[in-house]
Amino acid sequence: MISIESVDHRFRGRAGEVQALAGIDLTVETGEFLTLVGRSGCGKSTLLRIVAGLLTPTSGRVVIDGEPVRRPRRDVSFMFQKSALLPWRSVLANVLLPAETLRLDQAAARRRAGELLELTGLTGFQKALPKELSGGMQQRVALCRALLSEPRVLLMDEPFSALDALTREELSIELQRIRQEQDTTFVFVTHSIEEAVLLADRVVVMRARPGGIRRIVEVDVPRPRSLGHHAHAGRVTELSAELHELLLPNEAA
Amino acid sequence: MRRVFLPLLGVALTIAGWWLAVIVLEIEDYLVPTPPQVLNTLAERWAVLLEHTWTTAWETIRGFALAIVLGVPFAVLLAGSRIFEQMVYPLLITVNSLPKVAIAPILVVWMGFGAGPKIVMVLLLCFFPIVLATTAGLKSTPAEIVELARSLDAGRLKTFWAFRLPQALPQVFVGLKTAISLAVIGAVIAEFVGADAGLGFIIVQSGASSDTALAFAAMVLLSLLSIVLFYAVQLAERLLVPWASEH
């Protein structure tokens, strides 16, 4: 379980001090898939980095499984908007990177890497260099790398935003499948309403300046979800419309 | 075909133009030799010339290697420590702005006529581009790679070896290629000032005896040496950073 307790974050910008986050209180249940949605500048990526221990909040704290976060934890993985693959390493060597830095058991890590690459349809590309892969495949490799250490929490910062719509949907569906096979908690930042509804158990809608939580919306659509024929079109449309309203600029509410 | 043919044609036309100019303008031998005279000199005195070429090459290689051995760790310090950077960087710029030729006579006073001053001169010319490019490379690690290293709990040393240094290699090679182009120049400058061997020495000698064919032969060898060294660095780049090449 992740609990975010009255987190404030300020940083010095060019135009003086900026309040990026103000008074965030949020709990993410173990095994939950939570998405953070908001317009640019609402502090959603900042919040994710604070949860990851990559940033220290100005005040407040984040507690994961009873332990306050002070620095990046070994059982929390982070996935970036860019694939952040090391261009000089093969696909397999990239996936195995956490095994080196976290000193995991090598044999087990190799076995796990093989499984993950198979799960994401990358068997046969193990020796390829990142530049030889499409953007979607590169993000799959990054996903495998993030999952190698069997993290308890996976934090994802707009990981599919640079991909085309179809690849994005494909990866979202794959992510749901992967999620069914493990007991991982997901916090997923996105600015796409579609993606948020497709993936989430709950959608946290954020507001900007200062960044804060505007509303939390439960997504009660049965899984597996997709945008194809079997989509639960009615409910998905309703929820999307609701989120749309919440994200529009005139914050009368 | 075209990629080989057109450059060769360019070279051939230039040589033809030179030859034609010597004949048409009736330039004396001792001022500008004809291409066959230069070739003759190369053929007749190849053993001696090769020995002097090797002298210059060996000075250049040692100076260049020393510039890498000293320059890369120096760049690591510059990129890694703000304090060191602020302390040393202005000094580095000042030293580099000195015309290196001005230092050559002093080097001879200090170190004599042997290989020493040549190696140091090569080092002086190569050091700055290597330090500059390596520092820039080490500082340009993309933000997401830095965050990745942190999120993977990589220590300082691991972050340097596994993330920053390989990331910097393509830029290091930009510096190495700039440096190797300057390296031969450094060796020749030092040989001009005081030497008893090397192609620079040959050029000075042939000037004194108006043997321009010999000077031209030495220049041909100098440019060949530069080209060979440049391609050697490029080959090393292909082998060490194959992932950075285009395609």
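## Terms and basis of the model

A residue is termed buried when its relative accessible area is under 20%, exposed when it is over 50%, and partly exposed in between, with a 1.4 Å probe and protein chains only. The structure is a predicted model, in which local features need pLDDT of at least 70 and side-chain atom pairs count only at pLDDT 80 or more, while totals for chains, interfaces and linings use all residues. Residues are numbered from 1 along each chain as its sequence is written, chains are lettered from A and ligands numbered from 1 in the order in which they are written, and side-chain values use heavy atoms, with hydrogens and water left out.

## Confidence in chain A

The predictor's confidence in each residue is expressed as pLDDT, from 0 to 100. For chain A the mean pLDDT is 86, and 96% of the residues reach 70 or more. Helices (H or I, at least four residues) and strands (E, at least two) are DSSP runs, numbered from the N terminus. Within chain A, helix H8 (residues 233–247) has the lowest confidence, with a mean of 79, and helix H2 (residues 91–95) has the highest, at 95. Where pLDDT is low, the predicted coordinates should not be read in detail.

## Backbone features

In chain A, strands E1 (residues 2–13) and E2 (residues 16–28) run antiparallel and are joined by nine bridges; two strands pair if DSSP finds at least two bridges between them. The two strands form a hairpin, with two residues between them. Ser3(A) stands opposite Thr27(A) of E2(A).

The loop between strand E9 (202–207) and strand E10 (212–218) of chain A contains Pro210(A). A cis peptide bond, with omega of about -10 degrees, joins Arg209(A) to Pro210(A). Arg209(A) lies in the loop between E9 and E10 as well. Although Arg209(A) is not a glycine, its phi is positive, at about 45 degrees. The relative accessible area of Arg209(A) is 68%, so this residue is exposed.

In chain B, Asp153(B) also has a positive phi, of about 65 degrees, although it is not a glycine. Asp153(B) is located in the loop between helix H7 (143–151) and helix H8 (156–193) of chain B. Its relative accessibility is 24%, and Asp153(B) therefore counts as partly exposed.

## Aromatic pairs

Rings of Phe, Tyr and Trp (its six-membered ring) pair if their centres lie within 6.5 Å; planes under 30 degrees apart count as stacked, over 60 as edge-to-face and the rest as tilted. Over all chains, the structure holds eleven aromatic pairs. In the pair of Trp88(A) and Trp243(B), the ring centres are 5.3 Å apart and the planes stand at 50 degrees, so the pair is tilted. This pair crosses between chains: Trp88(A) is in the loop between strand E6 (76–79) and H2 of chain A, and Trp243(B) is in the segment after helix H10 (212–240) of chain B. Trp88(A) is buried, at a relative accessible area of 18%, and Trp243(B) is buried, at 11%.

Phe230(B) and Tyr231(B) form an edge-to-face pair, with 5.8 Å from centre to centre and 85 degrees between the planes. Phe230(B) has a relative accessible area of 26% and is therefore partly exposed. In chain A, one aromatic cluster is formed by Phe33(A), Phe160(A), Phe186(A) and Phe188(A).

Glu195(A) belongs to helix H7 (residues 193–199) of chain A and is buried, with a relative accessible area of 6%. Contact means heavy atoms within 4.5 Å. Not counting residues up to four places away in sequence, Glu195(A) touches Phe160(A), Arg168(A), Ser172(A), Phe188(A) and Thr190(A).

Leu229(B) is part of helix H10 of chain B and is buried, at 12% relative accessible area. Leaving aside neighbours within four places in sequence, the contacts of Leu229(B) are Thr60(B), Ile61(B), Ile180(B) and Val184(B). Ala208(B) is 21 residues from Leu229(B) along the chain, and 29 Å separate their C-alpha atoms.

## Domains of chain B

Chain B is divided into domain 1 (1–29) and domain 2 (33–244), with bounds that come from an automatic or database domain assignment. The domain centres, taken over C-alpha atoms, are separated by 30 Å. Five residues from domain 1 and eight residues from domain 2 take part in the contact.

Buried area is the accessible area (1.4 Å probe) that two parts lose on being put together, summed over both. The two domains of chain B bury about 580 Å² between them, 67% of it on carbon and sulfur atoms. Of the area that domain 1 buries against domain 2, 83% is supplied by Trp18(B), Trp19(B) and Asp29(B), more than by any other three residues.
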